[in-house]
Amino acid sequence: MRRHAGLAGDAQKAEPKGEFVKIRRRDLERLTTEVMQLRDFLPKIINGDILGTFQKLDAVESNMEKKEEEIEQLKMDCEHFRARLETAQADCMKEKKTKAVKFFTITAQTMESFVKSLSEDMKQQDLDSDENQFVLALAGIVTNVAALACGREFLVSSSRELLDTMMHLLGDMKPGLCTKFKVLMLMSLYNVSINLKGLKYISESPGFIPLLWWLLNDPDTEVCLHVLRLLQSVILEPEVLAKSASEMRDTLPFQRIIALSKSRNADLQALAKELLEDLKILEYEA
């Protein structure tokens, strides 16, 4: 076939005829056969793959739905068990609180019975009896409980009877008697005073300020030391001092505190001097 330069007119005449390619009949027949085979097999292959893919997708979706149901059930189970746990914890705490209240009530009664059982002669000395050691052990437990924030909160919220009893017993025992017992009770009250609610309760108890002055007459340096610590708690809390300032100013045993500031006991001497400085605030409260 010859190729030649075409003209515009020639192109217009050739357009309807199109272009043709000559191939051998055998090649055409083979191509036709292959196309027919593809027409027969391609849909089967494609349909099979697509069907398999959709089946897999359905299986995945079904599995996901099942997993979601399982997760939802686990969530419900967790909520159920958490609710049961919270209920059990609440019941346990309630039971523990009830037992603790009973324990401290019995402790208060035991302390009171012990002091009442002492004769006048026995009240003038620290006893080494089993009964005395038992009461000291109970007082030690109270002191240790009050040393913890949660412990002093519990005492001032649920065991005020014990606090009242200790203050009553401190005023009931004469100077010089059962000093170890006194020291432990004073330590307990001081620990409770670290809690503002506890300090307010103790300082507002009837006869609290006179009780401190009474205890300052004790010849035991440890007793006096812890009395001054308790007094300092009151002075250093403005809200509490405001209610006690007038009574303290009118009845404060300055001479006794001055004497304690000259004590041979270094700790007592230092605290008494520090307290004398703190007490100057009473001049501004007038």
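Cys178 is found in the loop that joins helix 5 (160–172) to helix 6 (179–193), helices being DSSP runs of H or I with at least four residues, strands runs of E with at least two, both numbered from the N terminus. The structure is a predicted model, in which local features require pLDDT of at least 70 and side-chain atom pairs count only at pLDDT 80 or more, whereas totals for chains, interfaces and linings use all residues. Residues are numbered from 1 along each chain as its sequence is written, and side-chain values use heavy atoms, with hydrogens and water left out.

Although Cys178 is not a glycine, its phi is positive, at about 45°. Most residues other than glycine have a negative phi. Cys178 counts as buried because its relative accessible area is 1% (buried, under 20%; exposed, over 50%; partly exposed, in between; 1.4 Å probe, protein chains only). Another loop residue, Ile23, is placed between helix 1 (8–14) and helix 2 (25–117). Ile23 has a relative accessibility of 51% and is therefore classed as exposed.

The chain as a whole contains 13 helices and zero strands. Of its 286 residues, 32% are buried.

On a 1 Å grid over the protein atoms alone, a cavity is a set of points where a 1.4 Å probe fits but cannot get out, and a pocket is an open set with protein on both sides within 12 Å along at least five of seven lines, lining residues having an atom within 4 Å of a point. One cavity of 30 Å³ or more was found, and the space in the largest cavity is about 30 Å³ (points joined across faces, edges and corners; volume filled by probe spheres set on the points). Its lining consists of Lys200, Ser203, Glu204, Glu239, Val240 and Lys243. Two or more of these residues are contributed by each of helix 7 (196–203) and helix 10 (238–251), and helix 10 gives the largest share, three residues.

Nine salt bridges were identified in the whole structure, each defined as a side-chain nitrogen of Lys or Arg within 4 Å of a carboxyl oxygen of Asp or Glu. One of them joins Lys182 to Asp218, with the closest N and O atoms 2.7 Å apart. This pair connects distant parts of the chain, 36 residues apart: Lys182 belongs to helix 6, and Asp218 to the loop between helix 8 (208–215) and helix 9 (221–235). Both Lys182 and Asp218 are buried.

Within helix 2, Lys99 and Glu95 lie four residues apart, about one turn of the helix. Their side chains form a salt bridge with an N to O distance of 3.4 Å. Lys99 counts as exposed because its relative accessibility is 52%, while Glu95, at 45%, is partly exposed. A further salt bridge links the side chains of Glu277 and Lys280, at 3.2 Å from N to O. Glu277 is partly exposed at 49% relative accessibility, and Lys280, with a relative accessible area of 40%, is likewise partly exposed.
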